[in-house]
Amino acid sequence: MTMMYNIPFIAVVTMIFIGLYAVLFKRNLVKIVIGISIIESGVNLFLITLGYREGGVVPIFTSAPSEVVKNAPGSMVLPVPQALTLTSIVIGVAVLALMLSLIMHIYDHYGTLDVRKIRGSEE
Amino acid sequence: MNWFELITLHSPPLIVAVPLLTAFLTPLVSKINDTIRNLFVLIMLGITGLLILILGYDVLTNGIRVYVFGGGAPLPSGMNIPVRIMFEIDGMTIFMVIITIILAIICILYSWSFMKKEDGQDKFYTLILLLVTSTFGMELTGDLFNFFVFLEISCITSCALIAFYVHKKESLDAAFKYIVISSIGALFILFAIGLLYAQYNALNMATIANAIQFTFFDKIVLVLLIAGLAMKSGLAPMHMWLLDAYSRSPASVTFILIGATLAGLYGGLRVIFTIYGNQLLNTGFTFYPGLIIGIIVTALGVLSIFIGVFMALKRSDFKKMIAYAAVAEIGYMFLAIGSYLIGLALSAPDNPQMLIAGTYALKGGLFHILNDALDIGLLFLVAGAVYYATKQTSLNSLGGLARNMKYTTIFFLIGLLAVSGMPPMNGFASKLLIYQSTYQISPILSIIAIICSIMLLAVFVKVFQSIFLGPEIPSLKDVKEVPKSMLAAMALVAGIIIFIGLFPNIIIDNLVTPAAEALQNTTGYISTILGGV
């Protein structure tokens with residue numbers, strides 16, 4: 001049963017390593033960006049997984065079961081990880097858009113997306 | 001409560017809010033007129049500077065300030081854990097914020113003429129102000145996630161500014177490299193913050209520092225945070241982005257990027273000294289983590305100095321040489337900080353020698369943050385002026401500029417002497433502190449530091465010789481001196497450099513010592529924050 005709870009963490013580590021692999025070894029700029037996106041999803045999944053508390057109740061006051069509100073008001077979880085994840089997703093979208101627009105400009109100038117061919121003039 | 005107390009009370013959020021609002025008002029104001037827009041930005045930054053002075057005076061006289069967003073003491077439910085975002089301001093914060101505002105004001109002044117012919121100036125000013133905002137945020141905040149958000153804002157705006165010359169493929173390349181490296185670094189920092197949250201249920205730095213156990217996960221977090229922030233501050237071997245970013249962006253952007261880079265260094269200091277302060281800052285031979293971290297940081301600092309100096313020697317591009325020198329200067333700061341950690345770990349109650357030497361190293365390192373920003377900044381401004389006048393940055397195609405650009409030549413000479421630590425410039429004051437104190441820790445460190453400093457002098461004398469002296473080059477016959485606003489900006493930096501060089505005690509006593517004491521006083525920081533919530 002403990003294995004069950006570890007599955008999300010295994011997924012997190014796997015995703016981060018897949019993303020790092022893509023960033024380090026792929027030669028296409030778009031694939032590098034995809035790699036970063038996968039790392040980001042991994043980190044977001046990590047944050048969300050942290051938010052899970054066994055026996056906790058969703059912190060929406062009106063939709064909580066009435067016996068929970070009455071007997072165990074402390075069982076509502078503090079929604080900080082969810083808030084963090086939302087913020088992180090928004091930031092991620094901005095970074096993603098910026099990277100893709102840079103790629104568009106790079107393609108305009110170099111006519112290729114292969115990192116081996118894209119070199120700023122070495123003086 | 002009169003208005004002055006009210007402003008003092010609310011100055012921390014205003015320092016972030018004023019540049020932020022100005023950033024989004026700038027495109028509107030620039031519909032009227034370019035001059036009005038520039039004046040508007042300068043005045044708003046001046047107001048921010050005033051707020052910083054008020055806050056600085058308050059903090060340096062009354063001690064650490066805490067500003068809790070959304071009201072004071074416990075939540076309505078009686079919950080006492082600090083769940084709210086808060087700003088925490090101590091001597092170190094004030095020191096960094098003052099550096100940032102100096103850089104920001106001079107950058108705007110310089111850009112007045114420098115960017116005049118460029119398109120998209122309204123967006124340029126918006127991005128500069130957002131970068132300034134994020135730098136302030138990183139320095140003021142006491143909340144780890146808040147720190148991450150400002151770090152990401154800093155990454156995004158820096159990237160957009162590095163790519164400001166969209167028509168040049170080199171700057172696009174540099175910007176892409178920067179955003180890839182910095183977003184991966186930021187994601188790992190977020191991962192580390194998640195690990196801390198998982199263990200201690202808190203994001204507030206003081207709360208975490210109070211609760212930290214130095215478990216296996218905490219060690220991973222320490223490594224991730226230091227690696228991510230050292231990357232952001234351009235420490236070797238993670239300096240590659242910095243070279244391209246510094247040398248391919250407009251000079252005024254580079255000038256403000258230095259501030260953002262130093263905010264990364266500040267984050268690293270906060271991690272070592274505040275969050276892990278109780279674990280790392282212990283005296284006595286028996287405690288190893290502090291010693292190990294100290295040795296690693298020192299080694300990386302020395303590596304940065306070596307790489308920066310030796311690579312600068314064989315380059316022939318003006319801006320790239322300064323960028324390498326910037327890497328070397330970052331190395332000096334890390335060398336000093338590492339020396340402090342080593343000195344602290346090696347000292348014992350009956351042998352305070354090492355601790356005294358370490359404290360001097362820390363002061364020298366912090367003082368060098370200010371001096372590096374000004375020295376390297378001045379050199380970049382001069383490089384920008386040369387580029388503005390001639391459209392060249394390669395040493396091979398420049399020469400004899402001293403005839404037509406008298407003032408720029410003088411400013412370059414000042415920057416050259418300052419960066420290589422010659423008296424009577426400011427670089428001498430801080431580097432002397434570093435030499436003296438590292439000699440106590442290990443003579444080899446100080447020998448390396450002195451030799452590399454002399455080599456930096458050699459590098460820039462070569463630059464001086466080939467750009468400003470020598471025979472006149474026919475194609476550069478009609479070069480004119482740069483416009484007044486650029487000269488004024490450079491003169492301002494040069495003036496501050498000479499002032500600090502002549503009276504280093506004023507700065508050390510009033511700014512650097514409070515900063516060093518604030519960093520060393522982890523317990524005081526934690527108790528002030530936790531008591532004030």
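The model is predicted, so local features need pLDDT of at least 70 and side-chain atom pairs count only at pLDDT 80 or more, while totals for chains, interfaces and linings use all residues. Residues are numbered from 1 along each chain as its sequence is written, chains are lettered from A in the order in which they are written, and side-chain values use heavy atoms, with hydrogens and water left out.

The size of an interface is often given as the accessible area lost when the parts come together. Between chain B and chain A about 3,200 Å² is buried, with 80% of this given by carbon and sulfur atoms; buried area here is the accessible area (1.4 Å probe) lost by two parts on being put together, summed over both. B:F176, B:L187 and B:Y197 supply 20% of what chain B buries against chain A, more than any other three residues. Each chain brings 37 residues to the contact, which means heavy atoms within 4.5 Å. Zero salt bridges are counted between chain B and chain A. On the side of chain B that touches chain A, α5 (144-162) and α6 (169-200) each supply at least two residues, and α6(B) gives the largest share, 18 residues. Helices are DSSP runs (H or I, at least four residues), numbered from the N terminus.

Side chains of opposite charge can pair when their charged atoms come close. In one of them, B:D90 and B:R270 have their closest N and O atoms 2.7 Å apart. B:D90 lies in the loop between β2 (86-89) and α3 (91-114) and B:R270 in α10 (251-275) of chain B, so this pair ties together parts 180 residues apart in sequence. Both residues are buried, that is, under 20% relative accessible area (1.4 Å probe, protein chains only).

Another pair is B:D173 with B:R248, at 3.4 Å between the closest N and O atoms. B:D173 is in α6 and B:R248 in α9 (240-248), 75 residues apart. These two belong to a salt-bridge network that also includes B:K177, B:D244 and B:K320.

Helix α16 of chain B (426-441) has 16 residues, which should span 22 Å at 1.5 Å a residue; the end C-alpha atoms are 24 Å apart, which agrees. The expected span is 1.5 Å times one less than the number of residues. Among the buried residues of α16(B) are B:L433, B:I434 and B:Y435.

Conventions: Buried < 20%, exposed > 50% of the residue type's maximum accessible area, 1.4 Å probe, protein only. Salt bridge = Lys/Arg side-chain N within 4 Å of Asp/Glu carboxyl O.
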